[in-house]
Amino acid sequence: MSEKSPKLRAALDGIPTYRPGKPAAAGGPAAFKLSSNENPYPPLPGVLESATRAAASFNRYPDMACTALMAELSERFDVPVEHLATGTGSVGIAQQLVQSTAGPGDEVMYAWRSFEAYPIVTQVAGATSVQVPLDEHEGHDLEAMAAAITDRTRLIFVCNPNNPTGTAIRRAELERFLDRVPADVLVVVDEAYREFIRDEQVPDGIELYRDRPNVCVLRTFSKAYGLAGLRVGFAVAHEPVAAALRKTAVPFGVSQLAQDAAVASLRSEDLLRERVEALVAERARVSAALTAQGWTVPDSQANFVWLRLGERTQDFAAACEKAGVIVRPYGDEGVRISIGEVEGNDLFLRAAEEFRAGL
Ligand SMILES: Cc1ncc(COP(=O)(O)O)c(C=O)c1O
């Protein structure tokens with residue numbers, strides 16, 4: 001066998017591997033997975049039936065144009081079909097957006113810490129990451145981001161609310177920032193957790209996109225809609241960005257199961273809204289309980305909360321796991337805890353209280 005191996009692009013060297021939230025150990029003591037910002041509820045009956053029906057014909061390729069889903073989205077969000085693109089989760093679309101705008105020598109900017117796929121998709125494209133530290137309140141420092149724009153900036157991710165800190169940017173601040181971004185730089189407002197926002201001053205990205213041709217909004221069916229395992233998300237953007245997304249899409253990437261389940265979910269929004277409301281109430285309960293225990297908890301507008309624990313991060317995560325709850329540690333920065341079912345949240349709160357007592 002030859003000693004040589006195929007030549008791979010040097011840009012791939014050192015790409016951080018995407019680390020999914022740790023699963024609950026099979027047969028182990030940990031029972032609650034609060035590490036991936038998933039919706040803890042099982043699929044809604046109507047949605048499950050749609051997907052099951054679609055499964056009966058998975059010997060066929062799916063509808064490549066996602067016609068029914070696009071029509072449903074167009075009506076639901078009042079945007080032309082030409083301004084829509086679907087993808088294999090919103091992370092798939094994030095990758096396509098970087099591919100479409102940036103290559104070697106170009107810069108992709110985002111706050112840090114933020115969604116961990118941003119550095120990966122940037123490096124895969126051979127572009128350079130510009131990471132702008134979060135401010136002291138765990139939110140985007142939009143002043144610093146605006147100041148960091150150069151003539152090499154091609155794309156800026158704005159994660160609203162931010163994963164993993166849960167903080168959200170309000171309208172006036174975001175509009176001021178968008179006004180400062182050159183018209184030829186794409187701003188991707190990643191609204192994966194949009195449905196969990198209760199702060200009325202946080203803008204709807206789809207409203208911002210309407211008269212801003214350089215704004216693209218990312219949404220997903222993975223979180224509030226509970227379809228994480230089916231992999232479907234969508235983008236709203238003006239031409240030519242939406243057209244670029246259609247060009248760069250993996251053909252037939254969104255399965256018929258995902259398409260039909262997404263349509264059924266949009267039609268079951270009332271029921272879904274109740275579930276989201278219950279998660280938002282749990283978020284308030286968990287945040288208040290943590291604050292009462294003495295922790296500093298940034299206001300979260302998403303389905304998770306963030307604790308900046310510094311060097312105690314890994315010990316805290318280990319203590320939670322021992323108590324039966326998997327949370328998400330980030331190096332020596334902090335821990336993100338997804339809001340799950342009441343029992344899991346209670347178990348987590350007990351573990352947090354015990355950990356605090358031992359400090
Ligand atoms: C901010 C943000 N964007 C996008 C995604 C990707 O979600 P999906 O690819 O499942 O749509 C996630 C998932 O964790 C996220 O946190």
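Me: What covers the buried residues of α2 in this predicted model?

Reply: Among the elements covering them are β2 (84-87), α7 (205-210), β7 (215-220), β8 (233-236) and α9. A contact here is a pair of heavy atoms within 4.5 Å.

Me: And which residues of helix α2 are the buried ones?

Reply: The helix spans residues 67-77, and its buried residues are Leu69, Met70, Glu72, Leu73, Ser74 and Phe77.

Me: What makes a set of residues a nonpolar core?

Reply: The members have to be buried residues of the nonpolar kinds, joined through side-chain atoms within 4.5 Å. The largest such set here has 48 residues, and Leu69, Ile156, Phe177 and Phe221 touch the most other members. Helix α9 (residues 256-267) gives this core its largest share, six residues.

Me: Which residues does Ile156 contact, leaving aside its neighbours within four places in sequence?

Reply: Ile156 is in contact with Met109, Met145, Ile149, Phe177, Val181, Val185, Leu186, Val187 and Val188.

Me: How many residues are in the second core?

Reply: That one has 32 residues, including Leu290, Phe304, Ile339 and Leu349, and is separate.

Me: Why is Glu282 called buried?

Reply: Buried means under 20% relative accessible area. Glu282 has 11% relative accessibility, so it counts as buried. Glu282 sits in helix α10 (residues 269-293). Not counting residues up to four places away in sequence, Glu282 touches Ile339, Val342 and Asn345. Of these, Ile339 is one of the residues in the second core.

Me: How do you know that the protein chain agrees with a compact globule?

Reply: Set the value against the rule, which is 2.2 Å times the number of residues to the power 0.38. For 359 residues that puts a compact globule near 21 Å, and the radius of gyration of the protein chain is 21 Å, so the two agree. Along the principal axes, the C-alpha atoms fill a box of roughly 60 × 55 × 50 Å.

Me: What share of the residues is buried, and what share of the contacts joins residues at least 24 apart?

Reply: Buried residues make up 53% of the 359 in the protein chain. Among contacts between residues at least 6 apart in sequence, 72% join residues at least 24 apart. The chain itself has 12 helices and 12 strands.

Key: Residues are numbered from 1 along each chain as its sequence is written. This is a predicted model: local features need pLDDT of at least 70, side-chain atom pairs count only at pLDDT 80 or more; totals for chains, interfaces and linings use all residues. Side-chain values use heavy atoms; hydrogens and water are left out. Buried means under 20% relative accessible area, exposed over 50%, partly exposed in between (1.4 Å probe, protein chains only). Helices (H or I, at least four residues) and strands (E, at least two) are DSSP runs, numbered from the N terminus.
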